[in-house]
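This report looks at a protein model in short sections. Please have the sequence and the structure ready while reading.

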Amino acid sequence: MAATSKMGRLLAPIRFKRRSKLNRVDNFQKFLLVLLTILGLFMLLPLIYIFNHALKPYNELFVYPPNIFVRQPTLQNFVELFLVTSSSVVPVTRYFFNSVVTTVLAVILVTVISAMCAYPISKHKFPGHKILMSTILLTLMFVPEAVHIPRYIVAAHLGIMNTYWGHLLPQLAAPVSVFLMKQFMDQIPNELLEAAKMDGAREFTIFLKIAIPMVMPAVATVAILTFQGAWGNLETSQLYMQDEAMKTFPFFLSTLTNGLANNVARQGAAAAAAVILFLPNFIIFLFFQRKVIATMAHSGIK
(Lines give C-alpha, C1' and ligand atoms only; values in the text may rest on other atoms or scores of the structure.)
Protein backbone atom coordinates (compact mmCIF):
# COMPACT_ATOMS: atom_id res chain seq x y z
CA MET A 1 0.00 0.00 0.00
CA ALA A 2 2.84 2.37 0.83
CA ALA A 3 4.47 1.71 -2.53
CA THR A 4 1.16 2.31 -4.33
CA SER A 5 0.54 5.62 -2.57
CA LYS A 6 4.09 6.73 -3.26
CA MET A 7 3.67 5.91 -6.96
CA GLY A 8 0.42 7.85 -7.01
CA ARG A 9 2.12 10.92 -5.56
CA LEU A 10 4.85 10.66 -8.20
CA LEU A 11 2.33 10.41 -11.08
CA ALA A 12 0.05 13.16 -9.79
CA PRO A 13 2.07 16.06 -11.35
CA ILE A 14 2.15 14.25 -14.70
CA ARG A 15 -1.63 13.73 -14.63
CA PHE A 16 -2.13 17.36 -13.67
CA LYS A 17 0.02 18.52 -16.60
CA ARG A 18 -1.88 16.29 -19.03
CA ARG A 19 -5.20 17.53 -17.71
CA SER A 20 -4.05 21.13 -17.99
CA LYS A 21 -2.84 20.58 -21.54
CA LEU A 22 -6.13 18.94 -22.52
CA ASN A 23 -8.05 21.81 -20.95
CA ARG A 24 -5.99 24.36 -22.90
CA VAL A 25 -6.61 22.48 -26.16
CA ASP A 26 -10.33 22.22 -25.40
CA ASN A 27 -10.56 25.93 -24.58
CA PHE A 28 -8.68 26.84 -27.77
CA GLN A 29 -11.07 24.69 -29.83
CA LYS A 30 -14.07 26.39 -28.23
CA PHE A 31 -12.55 29.82 -28.91
CA LEU A 32 -11.84 28.83 -32.52
CA LEU A 33 -15.40 27.57 -32.95
CA VAL A 34 -16.85 30.82 -31.63
CA LEU A 35 -14.51 32.89 -33.81
CA LEU A 36 -15.37 30.92 -36.98
CA THR A 37 -19.08 31.17 -36.17
CA ILE A 38 -18.81 34.96 -35.88
CA LEU A 39 -16.85 35.14 -39.15
CA GLY A 40 -19.42 32.91 -40.86
CA LEU A 41 -22.28 35.14 -39.75
CA PHE A 42 -20.33 38.20 -40.91
CA MET A 43 -19.82 36.63 -44.34
CA LEU A 44 -23.57 35.98 -44.58
CA LEU A 45 -24.32 39.71 -44.36
CA PRO A 46 -23.95 40.37 -48.13
CA LEU A 47 -26.35 37.50 -48.88
CA ILE A 48 -28.86 38.78 -46.32
CA TYR A 49 -28.52 42.30 -47.68
CA ILE A 50 -29.10 41.41 -51.33
CA PHE A 51 -32.29 39.47 -50.54
CA ASN A 52 -33.61 42.18 -48.23
CA HIS A 53 -32.67 44.89 -50.74
CA ALA A 54 -34.87 43.31 -53.39
CA LEU A 55 -37.87 43.40 -51.04
CA LYS A 56 -37.49 47.04 -49.98
CA PRO A 57 -39.96 49.70 -51.11
CA TYR A 58 -38.52 52.89 -52.61
CA ASN A 59 -38.68 54.82 -49.34
CA GLU A 60 -36.29 52.23 -47.81
CA LEU A 61 -34.00 51.84 -50.81
CA PHE A 62 -32.56 55.32 -50.39
CA VAL A 63 -32.71 55.77 -46.62
CA TYR A 64 -29.47 56.93 -44.97
CA PRO A 65 -27.81 55.22 -43.22
CA PRO A 66 -28.91 52.16 -45.17
CA ASN A 67 -30.70 49.34 -43.37
CA ILE A 68 -29.71 45.72 -43.84
CA PHE A 69 -33.12 44.33 -42.92
CA VAL A 70 -36.29 45.38 -44.71
CA ARG A 71 -39.03 46.83 -42.52
CA GLN A 72 -41.96 46.76 -44.94
CA PRO A 73 -41.28 43.93 -47.42
CA THR A 74 -42.96 44.14 -50.81
CA LEU A 75 -42.87 42.29 -54.13
CA GLN A 76 -43.45 45.49 -56.09
CA ASN A 77 -39.84 45.49 -57.32
CA PHE A 78 -40.36 42.15 -59.09
CA VAL A 79 -43.62 43.42 -60.59
CA GLU A 80 -41.81 46.53 -61.83
CA LEU A 81 -39.08 44.35 -63.37
CA PHE A 82 -41.61 42.65 -65.66
CA LEU A 83 -43.52 45.85 -66.34
CA VAL A 84 -40.36 47.58 -67.59
CA THR A 85 -40.38 45.54 -70.81
CA SER A 86 -44.14 44.94 -71.06
CA SER A 87 -44.49 47.66 -73.69
CA SER A 88 -41.26 46.88 -75.53
CA VAL A 89 -40.68 44.48 -78.41
CA VAL A 90 -38.48 42.14 -76.34
CA PRO A 91 -39.91 41.07 -72.94
CA VAL A 92 -37.72 40.24 -69.97
CA THR A 93 -38.69 36.57 -70.28
CA ARG A 94 -36.90 36.45 -73.66
CA TYR A 95 -33.63 37.64 -72.08
CA PHE A 96 -34.06 35.08 -69.32
CA PHE A 97 -34.77 32.29 -71.83
CA ASN A 98 -31.62 33.14 -73.79
CA SER A 99 -29.55 32.99 -70.61
CA VAL A 100 -30.98 29.61 -69.61
CA VAL A 101 -30.42 28.05 -73.05
CA THR A 102 -26.89 29.36 -73.54
CA THR A 103 -25.85 28.51 -69.97
CA VAL A 104 -27.14 24.92 -70.09
CA LEU A 105 -25.52 24.27 -73.46
CA ALA A 106 -22.24 25.90 -72.36
CA VAL A 107 -22.07 23.75 -69.22
CA ILE A 108 -22.64 20.54 -71.19
CA LEU A 109 -20.27 21.36 -74.06
CA VAL A 110 -17.43 22.76 -71.94
CA THR A 111 -17.55 19.78 -69.57
CA VAL A 112 -17.53 17.23 -72.40
CA ILE A 113 -14.85 18.99 -74.45
CA SER A 114 -12.58 19.55 -71.44
CA ALA A 115 -12.85 15.90 -70.39
CA MET A 116 -12.18 14.65 -73.93
CA CYS A 117 -9.17 16.95 -74.17
CA ALA A 118 -7.73 16.04 -70.76
CA TYR A 119 -8.08 12.26 -71.14
CA PRO A 120 -5.65 11.72 -74.07
CA ILE A 121 -3.16 14.23 -72.67
CA SER A 122 -3.15 12.39 -69.35
CA LYS A 123 -3.38 8.75 -70.42
CA HIS A 124 -1.96 8.66 -73.96
CA LYS A 125 1.63 9.88 -74.04
CA PHE A 126 1.62 10.87 -77.70
CA PRO A 127 4.50 12.94 -79.12
CA GLY A 128 4.14 16.56 -78.05
CA HIS A 129 1.57 16.02 -75.30
CA LYS A 130 3.63 18.06 -72.83
CA ILE A 131 3.99 20.91 -75.31
CA LEU A 132 0.25 20.83 -75.95
CA MET A 133 -0.54 21.01 -72.22
CA SER A 134 1.98 23.80 -71.75
CA THR A 135 0.35 25.73 -74.60
CA ILE A 136 -3.06 25.31 -73.01
CA LEU A 137 -1.75 26.61 -69.69
CA LEU A 138 0.04 29.44 -71.47
CA THR A 139 -3.32 30.80 -72.61
CA LEU A 140 -4.12 31.58 -68.96
CA MET A 141 -1.65 34.46 -69.20
CA PHE A 142 -3.83 36.37 -71.66
CA VAL A 143 -6.38 38.73 -70.14
CA PRO A 144 -9.87 38.57 -71.75
CA GLU A 145 -9.48 42.05 -73.26
CA ALA A 146 -6.47 40.87 -75.28
CA VAL A 147 -8.54 38.35 -77.26
CA HIS A 148 -11.70 40.39 -77.86
CA ILE A 149 -10.66 41.50 -81.35
CA PRO A 150 -9.44 38.04 -82.54
CA ARG A 151 -12.61 36.44 -81.22
CA TYR A 152 -14.77 39.02 -82.96
CA ILE A 153 -12.97 38.46 -86.27
CA VAL A 154 -13.38 34.68 -85.97
CA ALA A 155 -17.06 34.99 -85.04
CA ALA A 156 -17.69 37.36 -87.95
CA HIS A 157 -15.98 35.06 -90.48
CA LEU A 158 -17.85 32.00 -89.16
CA GLY A 159 -21.17 33.79 -89.57
CA ILE A 160 -22.38 33.11 -86.02
CA MET A 161 -23.31 36.67 -85.15
CA ASN A 162 -26.85 36.93 -83.72
CA THR A 163 -27.04 33.16 -83.17
CA TYR A 164 -26.77 30.94 -80.10
CA TRP A 165 -23.44 29.70 -81.45
CA GLY A 166 -22.16 33.25 -80.99
CA HIS A 167 -22.85 32.83 -77.28
CA LEU A 168 -21.35 29.34 -77.08
CA LEU A 169 -18.21 29.10 -79.23
CA PRO A 170 -16.21 31.85 -77.49
CA GLN A 171 -16.66 29.99 -74.19
CA LEU A 172 -15.78 26.46 -75.29
CA ALA A 173 -12.00 26.87 -74.93
CA ALA A 174 -11.57 26.57 -71.15
CA PRO A 175 -7.92 25.96 -70.13
CA VAL A 176 -8.73 25.96 -66.40
CA SER A 177 -11.28 23.20 -66.94
CA VAL A 178 -8.80 21.13 -68.95
CA PHE A 179 -6.19 21.56 -66.21
CA LEU A 180 -8.58 20.42 -63.46
CA MET A 181 -9.67 17.38 -65.47
CA LYS A 182 -6.09 16.39 -66.26
CA GLN A 183 -4.98 16.68 -62.64
CA PHE A 184 -7.68 14.22 -61.60
CA MET A 185 -7.16 11.84 -64.52
CA ASP A 186 -3.45 11.64 -63.68
CA GLN A 187 -4.50 9.91 -60.45
CA ILE A 188 -6.38 7.11 -62.22
CA PRO A 189 -4.19 3.95 -62.12
CA ASN A 190 -2.96 2.99 -65.57
CA GLU A 191 -3.25 -0.66 -64.52
CA LEU A 192 -7.01 -0.24 -64.22
CA LEU A 193 -7.29 1.04 -67.78
CA GLU A 194 -5.01 -1.72 -69.08
CA ALA A 195 -7.16 -4.34 -67.33
CA ALA A 196 -10.27 -2.91 -69.00
CA LYS A 197 -8.54 -3.09 -72.40
CA MET A 198 -7.58 -6.73 -71.79
CA ASP A 199 -11.25 -7.46 -71.05
CA GLY A 200 -12.15 -6.10 -74.48
CA ALA A 201 -13.34 -2.60 -73.55
CA ARG A 202 -12.96 0.02 -76.25
CA GLU A 203 -11.35 3.39 -75.69
CA PHE A 204 -14.62 5.29 -75.59
CA THR A 205 -16.09 2.76 -73.14
CA ILE A 206 -13.07 3.15 -70.85
CA PHE A 207 -13.37 6.92 -71.03
CA LEU A 208 -17.12 6.97 -70.38
CA LYS A 209 -17.53 4.19 -67.82
CA ILE A 210 -14.22 4.24 -65.93
CA ALA A 211 -12.47 7.59 -66.30
CA ILE A 212 -15.47 9.91 -66.01
CA PRO A 213 -17.01 8.28 -62.89
CA MET A 214 -13.63 8.48 -61.14
CA VAL A 215 -13.23 12.21 -61.80
CA MET A 216 -16.77 13.29 -60.90
CA PRO A 217 -15.57 15.92 -58.37
CA ALA A 218 -13.65 17.61 -61.18
CA VAL A 219 -16.63 17.29 -63.52
CA ALA A 220 -18.89 18.95 -60.95
CA THR A 221 -16.38 21.74 -60.36
CA VAL A 222 -15.97 22.41 -64.08
CA ALA A 223 -19.74 22.50 -64.45
CA ILE A 224 -20.08 25.02 -61.60
CA LEU A 225 -17.29 27.27 -62.86
CA THR A 226 -18.71 27.18 -66.38
CA PHE A 227 -22.21 27.91 -65.10
CA GLN A 228 -20.99 30.94 -63.16
CA GLY A 229 -19.10 32.28 -66.15
CA ALA A 230 -21.86 31.66 -68.69
CA TRP A 231 -24.75 32.83 -66.50
CA GLY A 232 -23.16 36.20 -65.79
CA ASN A 233 -21.54 36.66 -69.21
CA LEU A 234 -21.92 40.07 -70.84
CA GLU A 235 -19.24 39.82 -73.52
CA THR A 236 -21.14 37.79 -76.12
CA SER A 237 -24.25 39.98 -75.92
CA GLN A 238 -22.22 43.17 -76.26
CA LEU A 239 -19.88 42.05 -79.04
CA TYR A 240 -21.65 39.45 -81.15
CA MET A 241 -25.38 40.23 -80.77
CA GLN A 242 -26.91 43.17 -82.59
CA ASP A 243 -30.39 41.66 -82.48
CA GLU A 244 -32.00 42.59 -79.14
CA ALA A 245 -33.95 39.33 -79.04
CA MET A 246 -30.69 37.33 -78.88
CA LYS A 247 -29.22 39.11 -75.87
CA THR A 248 -29.12 37.64 -72.38
CA PHE A 249 -30.45 38.52 -68.93
CA PRO A 250 -27.17 39.96 -67.54
CA PHE A 251 -27.08 42.39 -70.48
CA PHE A 252 -30.67 43.42 -69.73
CA LEU A 253 -29.72 43.97 -66.09
CA SER A 254 -26.80 46.19 -67.13
CA THR A 255 -29.14 48.41 -69.18
CA LEU A 256 -31.91 48.81 -66.59
CA THR A 257 -30.58 52.05 -65.12
CA ASN A 258 -28.46 53.27 -68.04
CA GLY A 259 -29.43 56.45 -69.85
CA LEU A 260 -31.91 57.61 -67.20
CA ALA A 261 -32.17 61.23 -66.13
CA ASN A 262 -31.87 60.36 -62.42
CA ASN A 263 -30.45 57.66 -60.16
CA VAL A 264 -33.77 56.72 -58.55
CA ALA A 265 -35.85 55.25 -61.36
CA ARG A 266 -35.77 51.46 -61.78
CA GLN A 267 -33.51 50.88 -58.80
CA GLY A 268 -36.12 48.55 -57.34
CA ALA A 269 -36.30 46.56 -60.58
CA ALA A 270 -32.50 46.40 -60.70
CA ALA A 271 -32.44 45.04 -57.13
CA ALA A 272 -34.98 42.35 -58.05
CA ALA A 273 -33.05 41.44 -61.21
CA ALA A 274 -29.84 41.15 -59.19
CA VAL A 275 -31.47 38.57 -56.93
CA ILE A 276 -32.76 36.57 -59.91
CA LEU A 277 -29.27 36.65 -61.44
CA PHE A 278 -27.58 35.63 -58.18
CA LEU A 279 -29.99 32.94 -56.98
CA PRO A 280 -29.10 30.14 -59.47
CA ASN A 281 -25.37 30.47 -58.67
CA PHE A 282 -26.11 30.33 -54.96
CA ILE A 283 -28.36 27.25 -55.20
CA ILE A 284 -26.01 25.28 -57.46
CA PHE A 285 -22.99 26.03 -55.28
CA LEU A 286 -24.86 24.87 -52.16
CA PHE A 287 -25.64 21.53 -53.79
CA PHE A 288 -22.14 20.91 -55.19
CA GLN A 289 -19.83 22.64 -52.69
CA ARG A 290 -18.42 19.30 -51.44
CA LYS A 291 -17.38 18.37 -54.96
CA VAL A 292 -15.63 21.73 -55.36
CA ILE A 293 -13.73 21.33 -52.09
CA ALA A 294 -12.69 17.78 -53.04
CA THR A 295 -11.43 19.01 -56.41
CA MET A 296 -9.36 21.82 -54.94
CA ALA A 297 -7.89 19.44 -52.35
CA HIS A 298 -6.64 16.98 -55.00
CA SER A 299 -5.81 19.20 -57.97
CA GLY A 300 -2.75 20.90 -56.54
CA ILE A 301 -4.43 24.33 -56.40
CA LYS A 302 -3.65 26.16 -53.17
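## Terms and source

Ala, Val, Leu, Ile, Met, Phe, Trp, Tyr, Cys and Pro count as nonpolar, Asp, Glu, Lys and Arg as charged, and the others, Gly among them, as polar. The model is predicted: local features need pLDDT of at least 70, side-chain atom pairs count only at pLDDT 80 or more, and totals for chains, interfaces and linings use all residues. Residues are numbered from 1 along each chain as its sequence is written, and side-chain values use heavy atoms, with hydrogens and water left out.

## Overall make-up

The protein has 14 helices and zero strands; helices (H or I, at least four residues) and strands (E, at least two) are DSSP runs, numbered from the N terminus. Of its 302 residues, 33% count as buried, that is, under 20% relative accessible area with a 1.4 Å probe and protein chains only.

In α8, eight of the 11 residues are buried. They are P175, S177, V178, L180, M181, K182, F184 and M185.

## The largest cavity

On a 1 Å grid over the protein atoms alone, a cavity is a set of points where a 1.4 Å probe fits but cannot get out, and lining residues have an atom within 4 Å of a point. Grid points are joined across faces, edges and corners, and a volume is the space filled by probe spheres set on the points.

There is one cavity of 30 Å³ or more. The largest cavity has a volume of about 60 Å³, and S99, T102, H167, Q171, A230, W231, N233, T236, T248 and P250 line it. Helices α4 (92-123), α7 and α11 each give two or more residues to this lining. By class, the lining of the largest cavity holds three nonpolar, seven polar and no charged residues.

## The largest pocket

A pocket is an open set of grid points with protein on both sides within 12 Å along at least five of seven lines. The largest pocket has a volume of about 700 Å³. The elements that give two or more residues to its lining are α7 (164-172), α8 (175-185), α11 (216-231) and α12 (235-239). Among these, α11 gives the most, with four residues.

The lining of the largest pocket has 23 residues, and R151, P170, A173, A174 and P175 lie nearest the centre of the pocket. By class, the lining of the largest pocket divides into 14 nonpolar, seven polar and two charged residues.

Conventions. Buried means under 20% relative accessible area, exposed over 50%, partly exposed in between (1.4 Å probe, protein chains only).
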